[in-house]
Protein chains: 2
Amino acid sequence: MTQNIYDKEEFFAGYSRLARSVAGLDGAPEWPALRALLPDPSGLKVLDLGCGFGWFCRWARQHGAARIWGIDVSEKMLARARETTDDPAITFTRADMEQLDLPLESFDLVYSSLALHYVANLSALMAQVHRSLIPGGHLVFSVEHPIFTAPAEPNWSRNAAGRKIWPIEGYLDEGPRSTDWLAKGVIKQHRTVATYINMLIRLGFSIANIEEWGPTEEQIAAQPNWADERERPPFLLVAARTYRR
Amino acid sequence: MTQNIYDKEEFFAGYSRLARSVAGLDGAPEWPALRALLPDPSGLKVLDLGCGFGWFCRWARQHGAARIWGIDVSEKMLARARETTDDPAITFTRADMEQLDLPLESFDLVYSSLALHYVANLSALMAQVHRSLIPGGHLVFSVEHPIFTAPAEPNWSRNAAGRKIWPIEGYLDEGPRSTDWLAKGVIKQHRTVATYINMLIRLGFSIANIEEWGPTEEQIAAQPNWADERERPPFLLVAARTYRR
């Protein structure tokens with residue numbers, strides 16, 4: 001089972017204070033780019049893997065999605081998600097993404113925001129996702145970028161000339177990385193960009209778009225402390241589709 | 001026009017001494033991985049962009065390619081390539097990749113090894129490549145990996161703990177990078193992985209495979225000084241296809 005870090009008191013308290021937890025999608029700087037990869041949700045059946053507080057599920061419903069299922073392993077997050085809506089078209093369910101058994105050809109869109117890098121057996125999950133999508137269905141997700149997850153010590157450093165640099169090492173050695181972020185010993189799975197892309201292709205997805213996200217000039221003007229994120233992308237965004245029959 | 005660095009005396013002399021120049025494809029550690037992305041050349045019409053000394057053109061011919069065109073901007077390299085073969089099925093032509101006007105639906109395979117990162121207007125070239133391929137045709141190429149081309153000072157460094165690291169900065173700021181490699185002021189074009197992939201998708205290619213190349217354990221056992229290349233991939237390999245009609 002995936003480490004359920006979100007239910008640790010210390011992590012949950014810290015996570016709850018992040019802009020993306022307080023302000024929702026608009027507090028997540030990569031949301032405009034991720035949204036641009038999405039199909040119009042109107043009339044769609046949507047599955048959100050790692051739904052957290054349910055911000056995306058509610059957004060999809062507000063934009064006309066017919067039926068939304070949000071899945072998360074964190075009881076604390078689901079409890080809060082359930083408090084936010086009584087819309088019968090939205091269902092929040094506790095489940096471990098390592099153990100999912102999804103129904104066949106049931107969703108038009110599978111979405112996941114910053115959750116899949118916690119999943120060790122991602123190819124098994126993506127195989128489940130593929131079979132659960134209708135032909136021509138959409139998969140849109142974000143993960144921490146492999147450049148971000150590679151180093152054992154993911155901290156900014158300086159080169160001999162005093163220039164701020166992000167230290168890459170271990171990029172091709174995939175597997176768990178233990179980092180201290182909001183709590184000690186958070187386990188993330190490092191895999192390369194190629195692994196994400198080739199896994200999807202081999203499962204029968206067609207790659208539609210990838211984004212190595214960094215803030216726009218407008219975002220940096222509003223939040224100057226985000227400028228470093230252009231030195232190395234913090235997030236990888238992927239849009240893929242199942243083939244039409 | 002692309003900087004014709006290969007015809008500079010100093011660069012050419014240095015390049016001619018590299019293992020990949022002396023031993024050909026077998027002197028290039030990424031060749032087995034690149035070869036694995038290729039279709040069987042038997043009977044194919046092949047275009048090699050940046051053919052250099054013509055090693056790949058001769059390999060393709062030895063493996064049954066029907067007709068091979070090698071293009072390069074370097075007169076010195078083409079002169080040597082022409083000395084190596086009098087096979088009438090192989091044609092070496094001098095041309096600037098920024099100025100190509102390729103014939104329509106004429107090739108089964110377009111190949112390029114470590115040349116496209118010199119091309120400033122890559123989307124124009126890739127549009128030419130797309131129209132020059134038959135439906136269902138193959139594009140297979142390698143470039144220096146964006147992690148490799150991003151930094152203004154592309155040199156190994158050490159973090160506070162003394163661990164060897166590759167310093168990333170400027171990853172999302174695409175454009176020319178001037179580096180000193182074999183000669184001073186070699187201009188390469190830095191672009192992100194996403195830019196390579198999305199450019200191909202928008203032009204109508206289907207992505208078949210990408211590899212972020214690093215040496216295998218067997219290669220490191222034979223060449224221990226290659227071990228660092230697993231810390232960050234030096235090369236990006238891409239296989240894409242045009243759609244069948």
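I began with the surroundings of E105(B), which counts as partly exposed because 13 C-beta neighbours lie inside 10 Å; by the rule I used, 20 or more other C-beta atoms within 10 Å make a residue buried, 12 or fewer make it exposed, and anything in between is partly exposed, with C-beta atoms placed from the backbone. This is a predicted model, in which local features need pLDDT of at least 70 and side-chain atom pairs count only at pLDDT 80 or more, while totals for chains, interfaces and linings use all residues. Residues are numbered from 1 along each chain as its sequence is written, and chains are lettered from A in the order in which they are written.

I found E105(B) in the loop between β3 (90-94) and β4 (107-113) of chain B, where strands are DSSP runs of E, at least two residues long, and helices are runs of H or I, at least four, numbered from the N terminus. Its phi is positive, about 40 degrees, although E105(B) is not a glycine. Most residues other than glycine have a negative phi.

I then looked up L114(B), whose phi is also positive, near 50 degrees, and which sits in the loop between β4 and α6 (122-132) of chain B.

Next I turned to the contact between the chains, which takes 34 residues from chain A and 34 residues from chain B, two residues being in contact if their C-beta atoms, placed from the backbone, lie within 7 Å. On the side of chain A that touches chain B, β10(A) gives the largest share, seven residues.

Last, I noted that β7(A) and β7 (residues 164-168) of chain B pair in the antiparallel sense over three bridges, pairing requiring at least two DSSP bridges between the strands. I168(A) stands opposite W166(B) in β7(B).
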